[in-house]
Amino acid sequence: MLTDTSQVSAIGAQLSLPTPLADSYDFSGTNEARFTIASRVDQTTTKTATIVLNRASLAGKVADLTKVTQDEIRDAIGDQIEASGANGLMGKVQVGTGPNGNLFFQTSAYEDYGADGVPGGTGFNADTFYAAGGKVRTVSVNNTALSAAGQKAVDIGIGTDIPPDANVQSVVDAYLQQSLEDDAGDEDTGVRLALYFARKAPMLNSGYDILGDAALTKVINTVIGLPETSNATTSEALAARATLISKKIDFASFQDPAKVEAFARRFAAIWDAQNNTAADPILALFSNAQA
């Protein structure tokens, strides 16, 4: 993990990745870069965004998937930062490329408009201004587990190693994914799907994060009523499906545990109805389930 906490408020916290980007990258196959950007905005609050660069996330957004340029990578990261929303890093961190081709990240000043989301107000609705830097604001970049088995890690300036906790999570996810495949049609598949979604939800930022995971795709398809994706094999079809999912799902809400639970309960109700579940084994997992 790379972290900088030493900047003064006038310029904000800055972090430049140690290795310059290559002139271009091939993301037409299974190559992928996946990492988390985090910024502490006050003494008790850290906001994050997970960035995914792969064929699905870049389809329709770059001129040539076999030759993705430095500028296209920078722009894709910037778009995903903004897409993370107010509960993520939108308006809080910006990305650029230095003269040597290194990616750099810098915190920016922003204003939180309070619970009502509009300027002015008092109490819970009061506005709070956050400075760009100083000892409170930080920015860090940390590689994380790839989105699916079979993906190949790409170095965009921070190497390809991931911290031990992410390695452990990757193994757990792979085991659960294999279990879902092995137990397809088993009576507890809905339970596994609900628990898997509830754990992964806070890390989701876009439709591409869903399409890269078969289990999450099944959950989202169930809730929003989409058919299976077997025919969405072209980059254009994948891009269209990712856009549709992003329009129907409020990813920012998944930062709220209560809203994650509500979404999982909604999935549970639909799954149980579609699969003629006699009892409600999924609903029973959640604290607010009713008999």
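Which residue follows α6, and is its phi positive or negative? Gly 225 comes after α6, and its phi is positive, near 75 degrees. The views below are taken from a predicted model.

**View 1. The whole protein, for orientation.** The protein contains eight helices and 12 strands. It has 291 residues, of which 44% count as buried. The accessible surface amounts to about 14,500 Å², and carbon and sulfur atoms account for 52% of that surface. Taking contacts between residues at least 6 apart in sequence, 59% join residues at least 24 apart.

**View 2. Helix α6 and its two ends.** Helix α6 covers residues 214-224.

View 3. Nine of the 11 residues of α6 are buried, so the helix is largely enclosed by the rest of the structure. Buried here means under 20% relative accessible area. The buried residues of α6 include Ala 215, Leu 216 and Thr 217. Val 219, Ile 220, Asn 221, Thr 222, Val 223 and Ile 224 of α6 are buried as well.

**View 4. The crossing of α6 and α8.** Helix α8 is formed by residues 257-274, and its axis comes within 9 Å of the axis of α6. The two axes cross at roughly 80 degrees, which means that α6 is roughly perpendicular to α8. On the α6 side, the contact is made by Lys 218, Val 219, Ile 220, Thr 222 and Val 223. On the α8 side, Phe 263, Arg 266, Phe 267, Ile 270, Trp 271 and Gln 274 take part. Sorted by class, the contact of α6 with α8 has seven nonpolar, two polar and two charged residues.

**View 5. Ser 108 in its loop.** Ser 108 sits in the loop that links β8 (103-107) to β9 (110-112). Is Ser 108 buried or exposed? The relative accessible area of Ser 108 is 15%. The cut-off for buried is under 20%, so Ser 108 counts as buried. A polar atom of the Ser 108 side chain lies 2.8 Å from the backbone oxygen of Gly 91. Leaving out residues up to four places away in sequence, Ser 108 touches Gly 91, Lys 92, Val 93, Gln 94, Ala 132 and Arg 137.

Technical notes. Residues numbered from 1 in each chain as written. Predicted model: local features only at pLDDT ≥ 70, side-chain atom pairs only at ≥ 80, totals over all residues. Heavy atoms only, no water. Axes fitted to C-alpha atoms, helices over the stretch in contact; angles between N-to-C directions. Helix = DSSP H or I, 4+ residues; strand = E, 2+ residues; numbered from the N terminus. Parallel < 35°, antiparallel > 145°, perpendicular 65-115°, else oblique. Contact = heavy atoms within 4.5 Å. Nonpolar A, V, L, I, M, F, W, Y, C, P; charged D, E, K, R; others polar. Buried < 20%, exposed > 50% of the residue type's maximum accessible area, 1.4 Å probe, protein only. Areas by Shrake-Rupley, 256 points an atom, 1.4 Å probe, with all protein chains shown as cover. Polar contact = N/O pair within 3.5 Å; in protein donor to acceptor, adjacent residues only side chain to side chain.
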